[in-house]
Amino acid sequence: MTDPLARHTDYGNRSLDESDVADDPIAQFSAWLEDAAARGVYEPNAMVLSTVDADGTPSSRTVLLRAVDAHGFVFYTDRSSRKGQALAAHPLATLLFPWYTVHRQVNVTGEVALVDDAESDAYWASRPRGSRISGTASAQSQPIGSRAELDARVAEVEVAFPEGREVPRPARWGGYRLRPRRIEFWQGRTSRLHDRLVFTRGDRGTDWSVERLQP
Ligand SMILES: Cc1cc2nc3c(=O)[nH]c(=O)nc-3n(C[C@H](O)[C@H](O)[C@H](O)COP(=O)(O)O)c2cc1C
């Protein structure tokens, strides 16, 4: 059996050049996201969200990207969770898209703001009923005594909101939008001589500069 710590994969054959990268990093990101999906990356919209809590402790977890445009990257969660508390203390975060099987990663850093109620309501309403029940029953990141206790809470919510009745969005649940100030595109290359292009947002807020970083 191959030692998983001793593997050496060549990240080969593709390049990322200044001449073929889009001027707008959101367009570049969208092209790579579509490419990752087309090439079979599992959950291509999954991203690792890193935050810093009130006392400076970093933490990371996976969340799903639900929208992206010129205004930023949107994800949904329980705002009373550990990540929600960290974002309340430090509304600045990093998103990492680890597209290992296509030898790419994208790293996005920026300020995070709450998605407004109408947009959070619309997304909540689009979720499957089971997810709305779970989101209502579960106070994310809070301890609970047992799985049975959690299942009992779900059963209570199912009684309160029987099939056919709307499950309202809990006040603690909603979206965040990260407005990028830095976006780095990483393309794996042979012999670890990778391509790294980083976009930095300029003072006008809509202009971007591009720089190549050493691998
Ligand atoms: C593939 C994947 C997708 C996930 N998507 C979300 C999501 O969109 N929102 C969310 O709140 N948690 C999501 N989770 C769960 C989080 O990783 C995490 O466990 C949870 O949000 C609690 O994090 P916290 O205690 O750091 O706040 C996902 C986990 C995985 C593995």
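**Ground rules.** I am working on a predicted model, where local features need pLDDT of at least 70, side-chain atom pairs need pLDDT 80 or more, and totals for chains, interfaces and linings use all residues. Numbering starts from 1 along each chain as its sequence is written, and side-chain values use heavy atoms, with hydrogens and water left out.

**Polar contacts.** I looked for pairs of N or O atoms within 3.5 Å (within protein, one must be able to donate a hydrogen and the other to accept it, and residues adjacent in sequence count only if both atoms are side-chain atoms). The side chain of Thr 77 puts an N or O atom 2.6 Å from a ligand oxygen. Ser 141 has a polar side-chain atom 2.6 Å from an oxygen of the ligand. For Ser 81 I read 3.3 Å, again from a polar side-chain atom to a ligand oxygen.

**Cover.** On its own the ligand has 620 Å² of accessible area, and the protein covers 64% of that. The areas are Shrake-Rupley with a 1.4 Å probe; for residues, only the protein chains shown count as cover.

**Elements.** I took helices (H or I, at least four residues) and strands (E, at least two) as DSSP runs, numbered from the N terminus.

**Aromatics.** I paired rings of Phe, Tyr and Trp (its six-membered ring) with centres within 6.5 Å; planes under 30 degrees apart are stacked, over 60 edge-to-face, the rest tilted. The count came to 13 aromatic pairs. Trp 32 and Phe 185 are edge-to-face, because their planes stand at 85°, with centres 5.4 Å apart. Trp 32 is in helix H1 (residues 25-38) and Phe 185 in strand S7 (residues 173-187), so the pair ties together parts 153 residues apart in sequence. I also found one aromatic cluster of Phe 29, Phe 73, Phe 97 and Trp 99.
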